[in-house]
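Open the model in your viewer and keep the selection panel at hand.

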Amino acid sequence: MSSDHSPVPGPAAPAVDEPDRLVLHARDVRFDWSALDLHWIPDEPFATHVINVLHLLLPEGERWFVEVFKQAVPHITDDELREQVLGFIGQEAVHAEAHAGVLDHMDAHGLDPRPYVEQIAWLFRVVLGDRELSGAREFAWLRMRLAVIAGIEHYTAVLGQWVLDADRLDEAGTDPTMLDLLRWHGAEEVEHRAVAYDLYTHLDGGYPRRALAMGVAAVALASLWVRGVRFLIANDPYLKGRIGGRRPRASWALRDGRRGLVPHLGRLARAVPEYLRRRYHPSRHGSTSQAVAYLAVSPAARAAEAAEQEAARQEGPR
């Protein structure tokens, strides 16, 4: 397990035991939230809601990823990259729906996420959505959005590696179904972490656009995350804006990061200079072998694989 205080890794070559580029495929996972407590890390409502923000952000964001990538597919001239992009699209579509189920669970427990989610939908559908452009201007807007997605995907891969390593969540008694959702999703983010960057490089590759897009992505994610935590705590019917009689403080994020219950702010900050290195490539960060190993034992992923095999068996040979 990596330390929160480890030095920022340099642009070293991938580990020799890492598998070659994988053929990505969507796993049609299902999760049962009927027994999930609203505070699914026991006695840790703040840490729970810090991670819960992902459920609010990701469904709309990943639907947007899918739409932008579909627009990029006709411009791809490399067959292997096209296959990777199509696999990415399939995985992201499933991610969006898996997290949407958690939102329904929140609503059933008296925490209506719709006011915040509607703001996120406006951001992706209007601010970052399609525009009435054509020709070179339309292609430039597509490349800019691909650059933003590549920056966000660097962060999702960092978060994915974190949750794969986060033994403290097990020790804290985190709900096993939620932990499987987070680790299944995190493993797939690590698995496909290079696709968005490779697609951007294939269609553009310019460093100024890449750097600008990472700046936009980092600032937007930080501000949306803070707002999301505040929203969840303010609207949690059990907390009513206070935890232990006090309003939440920024120092609690640092505290819970040191405890290993949420991503460490220092690690998230280091993600920006990592990405801005000229020789950056996503394959140099994160462990594909660790992601694949988790997907082999994930209850949801195994159930999805068994259902797929049974459906193929019943269909029989063509």
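Which helices each supply at least two residues of the lining of the largest pocket? Select helix 1 (45–72), helix 3, helix 4 (135–165), helix 8 (207–235), helix 9 (250–258) and helix 10 (265–276). Helices here are DSSP runs of H or I, at least four residues, numbered from the N terminus.

This is a predicted model: local features need pLDDT of at least 70 and side-chain atom pairs pLDDT 80 or more, while totals for chains, interfaces and linings use all residues. Residues are numbered from 1 along each chain, and side-chain values use heavy atoms, without hydrogens and water.

**The largest pocket.** It holds about 900 Å³ of space. Of its 37 lining residues, pick Leu221, Ala222, Leu224, Trp225 and Val226, the closest to its centre. Helix 8 gives the largest share of the lining, 11 residues. (On a 1 Å grid over the protein atoms alone, a pocket is an open set of points with protein on both sides within 12 Å along at least five of seven lines; in a cavity a 1.4 Å probe fits but cannot get out; lining residues have an atom within 4 Å of a point. A volume is the space filled by probe spheres set on the points, which are joined across faces, edges and corners.)

**The largest cavity.** Next, select Leu54, Leu58, Leu159, Gly160 and Leu182, nearest its centre among 16 lining residues. The space is about 200 Å³. Helix 4 supplies the largest share of this lining, five residues.

**The second largest cavity.** Its volume is about 40 Å³. Show its lining, including Trp40, His105 and Met178. Helix 2 (residues 79–108) provides the largest share, three residues.
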